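Please open the structure in your viewer and keep the selection tool at hand.

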Amino acid sequence: VSEQMHHLFKIASSGPTSLRSVCRELFSGDLYERLKDGKVRRVPLDLCQLDLCVTKPSSLEAALEEHTRDVQGSVKHRSYRLPPVLWLNLDRFMYDRATQQGRKRRVRLTFPDALNSWMLVPLDAPWAQKLRDAAAQRAALLEALAKNRAELAARDVSEADEEEMLRLVAQQEALAQQIRELDSLLAKLGAEQELIYELRAVIVHKGGVASGHYIAYTRSPSPNGAEWCHMSDASVTTCSAAEMRRAAEGQTEESEDTECDSELLAAR
């Protein structure tokens with residue numbers, strides 16, 4: 001789908017001036033690569049598509065945060081000027097050295113109805129100071145929470161000091177509450193800076209590397225009816241959000257269900 005999207009965009013952007021202008025207004029953006037020497041390199045993107053390699057169970061927000069750090073060579077960090085319509089490609093393909101064949105990972109990736117894209121913006125911009133501060137506090141709290149959970153898990157309940165266990169549990173609850181408060185603050189700041197994207201459509205591939213079938217889900221135009229429309233070739237039916245997510249969020253390694261992956265189209 002990623003290659004086909006690029007091909008379709010290339011055709012549309014080389015068409016009449018009016019169509020080309022609409023495509024660029026909706027889909028174009030900029031990639032900012034912060035280099036290790038402190039300089040920032042700007043790369044214009046006619047189609048601002050983010051390719052995320054899904055290797056382990058995760059949330060979309062966590063995958064996007066990892067995407068900003070997944071760099072090589074002289075690049076230290078990446079960020080974006082995002083377009084009104086954002087295309088996210090979730091790649092689950094891998095090469096299996098044992099079988100010397102390509103295969104798809106059965107990895108579950110959850111995604112929200114409303115995505116706060118704060119992790120993708122240039123956090124060194126003056127207007128992003130509050131976002132940067134909140135994100136830094138959140139990262140420190142998550143690290144402290146992970147340390148707390150590891151310490152609790154390592155203790156033998158039968159031999160542990162009850163008072164110390166209660167202290168760790170209380171600390172965990174306090175950290176979780178602080179993280180929830182910071183998530184709310186980030187959501188508020190994201191809305192103020194127009195960084196919230198609403199999930200509009202999902203394309204799902206069912207099958208393996210060599211074969212399969214594409215289906216698509218789009219939000220229903222009916223305000224009072226079903227939440228989503230399911231499209232498979234000429235068949236169009238309605239479905240619930242839960243049904244869409246069962247197909248689109250992927251399966252675990254233990255699942256016997258059909259392998260699937262998805263791409264998300266979000267508009268703000």
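This is a predicted model: local features need pLDDT of at least 70, side-chain atom pairs count only at pLDDT 80 or more; totals for chains, interfaces and linings use all residues.

Residues are numbered from 1 along each chain as its sequence is written, and side-chain values use heavy atoms, with hydrogens and water left out.

**Stop 1: the open sheet**

Strands here are DSSP runs of E with at least two residues, helices are runs of H or I with at least four residues, and both are numbered from the N terminus. The three strands form an open antiparallel sheet in the order β2-β1-β5. Now pick Tyr-32, whose bridge partner in β5 is Ser-79.

**Stop 2: the hairpin**

Select residues 228–232 (β13) and 235–239 (β14), which pair in the antiparallel sense over five bridges. Trp-228 stands opposite Cys-239. Two residues lie between the strands of this hairpin, and Asp-233 takes a positive phi near 55 degrees.

**Stop 3**

Select His-67 in helix α3 (residues 60–69). Is His-67 buried or exposed? His-67 counts as buried because its relative accessible area is 9%, where buried means under 20%, exposed over 50% and partly exposed in between (1.4 Å probe, protein chains only). Leaving aside neighbours within four places in sequence, His-67 is in contact (heavy atoms within 4.5 Å) with Leu-50, Asp-51, Leu-52, Arg-78 and Tyr-80.

Next, select Arg-138 in helix α4 (residues 129–154). Arg-138 is also buried, since its relative accessible area is 16%. With neighbours within four places in sequence again left aside, the contacts of Arg-138 are Glu-65, Trp-118, Leu-182, Asp-183 and Leu-186.

**Stop 4: the largest pocket**

A pocket is an open set of points on a 1 Å grid over the protein atoms alone, where a 1.4 Å probe fits, with protein on both sides within 12 Å along at least five of seven lines; lining residues have an atom within 4 Å of a point. Select Thr-68, His-77, Trp-118, Met-119 and Leu-123, the closest to the centre of the largest pocket among its 21 lining residues. Which element gives the largest share of the lining? Helix α4 does, with six residues.

Terms used
Two strands pair if DSSP finds at least two bridges between them.
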